[in-house]
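Subject: Handing over the structure

Hello,

I am passing on the structure we talked about, and I hope you enjoy looking through it. Please open it alongside this message.

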Amino acid sequence: MSINPMNSTPIRSETSGLKTDTLFLNMGPQHPSTHGVLRLGLTISGEVIVEAMPDIGYLHRGVEKLLETRTYAQGVVLADRLDYCSAMSNDLAFCLSVEKLLGAQVPKRAQVLRVIMAELNRIASHLIFFGTYGIDIGAFTPFLYAFREREMVLDLFEMCCGARLTYNYIRPGGVASDINADWIARCREFLDFFKPRLDEYDTLLSFNPIFLVRTQTVGIITPKTAVAWGLSGPNLRASGVNYDVRQAEPYCGYEQYDFTVALGKTGSCWDRYFCRVVEMRQSVRIVEQALSRLASGEIMAKLPKVLRLPAGEAYSHIEASRGDLGVYIVSDGGLAPYRLHFRAPCFINLAILQEILVGKKVADVIAVLGSLDIVLGEVDR
Amino acid sequence: MTREKVLSDILAQVPGASAAAAPVKDYPTVRLSQPSDLPTAARLLKDELGFDYLEMVTAVDWLGPTKTEGFLPAVTPIPFAAKAPALPVTPAAGPDIAYRPVLDLLWSFGNLKTHLKVFLRLEVSREKPEVPSLTGLFPAADWQERETFDLFGVRFSGHPNLTKILTPDFLQGHPLLKDYVHQPDEFDAD
């Protein structure tokens, strides 16, 4: 156990002669730093947190229940709306699970297109994190840069599927529409524009002394704690645990791409932040490789228009922007899934807050919460 | 260590465990015979086989399909053909599916080194669903067990804070149970 200089014990009342008491502090659900509707019930003693109780469910839409009465084609639309910052990943996880139970083979070109879209969406999603985390800590400018670049990714998505946030682009069997030479040129243009921007981000925020002080020794999660609480994605890798579904259980041909998995050293807020910045670089590499191996061919498998899955159960998971997103699907042979469960990475990542916030200062709550990068749409489902 | 080895290790060391008749596709799936075997199996997985990553806790209610009246419009195989008969939304129970009044609980454990995954399942009665909590072994079970309690009503004995988590406080019942009655509203399909 390392000694955290930011932790301190409350002043004892016996020696000072003052009467002290703990205070219950409500943070949220309408608080700009909670990135949605999350309520944190904080019991504080002076500046130090004694107990933290995250309260969720404000955005619960009962997606899993809804899906039991929707066809598989309609299911993609609902899956989109879980983690709305990286809807492509949700579509992908849902479709992979449906295809696995169906035993469908996805054409090569569709697989490459899926990789391109998922990685571009990862960049867009991490850019939101980069921008909003800066704001959480008190740096407003990076947000403007991040959203300028994100806009370009969203324009690319709009070009290929017409939507900017909830795409419904990846469908069971393949993808909805093909891309043309113009799109590829625009995508390469974006990648060339984006690569030097990443260096700019490092000078702007990553190695900014104030930012370093606010994040480098704060919210440390040891590898053991991270695994015990089931963290996944950049939050797990920032603690130095090398687990990336893209390499552990490759899907969509990820084993053919050359990329490294970003690992942190200490598991601090800064490590979690920097893992995401490095991941953006790796995503650029993957998209470049994917664009170069895009061969002509079908984009959709020959499947019936109305899908009816054989009775059985399947589980498939992917490395979404925020972690290990799994879809467990049970079919009884009907038009709708009998039961469908999302292993939502944000939901599981958020639970650790009740352990790691204890002993921290109130001012660090935002830094720790922001570094976990949650999307409440997925936490509450 | 291979999938078969993991499966045989668990079957040999956990009393009453058997390979599940209907496994999760492509993954080793073990069916436990009674709730008291769960901590034994989880401890074996964690301490001896290296499955220290609790990935998922969830459940399935096997009572029967949700009634889709009001939810799902009739689907025809050829959308623009006038006379095409609508497909039945839910099939009659076939030989593969046995609807029965049980809750089927599911745990998924991962090994981050060998990248293997194993599923444990356990049937409990719908009337009094109760199983031991795994929060002592895996803190990750904390919220996922609360979720399963909230949506299915499964009581995890030994859980330090088994309260509702996703649904609002005023909501009574457990919405993912299959006997949940749908209240018709203006958003229903015709």
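A note on conventions before the findings. This is a predicted model, in which local features need pLDDT of at least 70, side-chain atom pairs count only at pLDDT 80 or more, and totals for chains, interfaces and linings use all residues. Residues are numbered from 1 along each chain as its sequence is written, while chains are lettered from A and ligands numbered from 1 in the order in which they are written.

**Chain A as a whole**

Chain A has 16 helices and 10 strands; these are DSSP runs numbered from the N terminus, with helices being H or I of at least four residues and strands being E of at least two. The radius of gyration of chain A is 22 Å, close to the 21 Å that the globule rule gives for 381 residues, so chain A is as compact as a globular protein of that length. (The radius is taken over C-alpha atoms, and the rule is 2.2 Å times the number of residues to the power 0.38.) The C-alpha trace of chain A spans about 80 × 50 × 35 Å along its principal axes.

Of the 381 residues in chain A, 54% are buried. A residue is called buried if 20 or more other C-beta atoms lie within 10 Å of its own, exposed if 12 or fewer do, and partly exposed in between, with C-beta atoms placed from the backbone.

**Two domains**

Chain A is divided into domain 1 (13-55) and domain 2 (63-380), with bounds that come from an automatic or database domain assignment. The C-alpha centres of the two domains lie 32 Å apart. Where they touch, 18 residues of domain 1 are in contact with 17 residues of domain 2. On the domain 1 side, the elements giving two or more residues are strand E3 (36-37), E4 and E5 of chain A. E5(A) provides the largest share of that side, seven residues. By class, the domain 1 side has 12 nonpolar, four polar and two charged residues. In this scheme Ala, Val, Leu, Ile, Met, Phe, Trp, Tyr, Cys and Pro are nonpolar, Asp, Glu, Lys and Arg are charged, and the others, Gly among them, are polar.

Strand E1 (residues 23-27) and strand E4 (residues 39-45) of chain A pair in the antiparallel sense over five bridges; strands pair if DSSP finds at least two bridges between them. A:Leu25 has A:Leu42 in E4(A) as its bridge partner. E4(A) also pairs with strand E5 (residues 48-55) of chain A, again antiparallel, over seven bridges, and A:Ile44 has A:Ile49 in E5(A) as its bridge partner. E4(A) and E5(A) form a hairpin with two residues between them, and A:Gly46 in the turn has a positive phi of about 65°.

A:Val48 is found in strand E5 of chain A, and with 17 C-beta neighbours inside 10 Å it counts as partly exposed.

**The sheet E8-E9-E10 of chain A**

Three strands form an open, antiparallel sheet in the order E8-E9-E10. Strand E8 (312-320) and strand E10 (339-343) stand at the edges, each with a single partner strand, so one side of each is left without a neighbour in the sheet. E8(A) joins strand E9 (residues 323-331) over nine bridges, and five bridges join E9(A) to E10(A).

Is E10(A) buried or exposed? Five of its five residues are buried, so E10(A) is largely enclosed by the rest of the structure. A:Arg339, A:His341 and A:Arg343 point one way from E10(A), and A:Leu340 and A:Phe342 point the other way.

**Chain B against chain A**

The contact between the chains takes 39 residues from chain B and 43 residues from chain A. On the chain B side, strand E3 (53-61) and helix H3 (141-152) are the elements that give two or more residues. The largest share of that side, six residues, comes from E3(B). Its residues divide into 26 nonpolar, eight polar and five charged.

Best wishes

Technical notes
Two residues are in contact if their C-beta atoms, placed from the backbone, lie within 7 Å.
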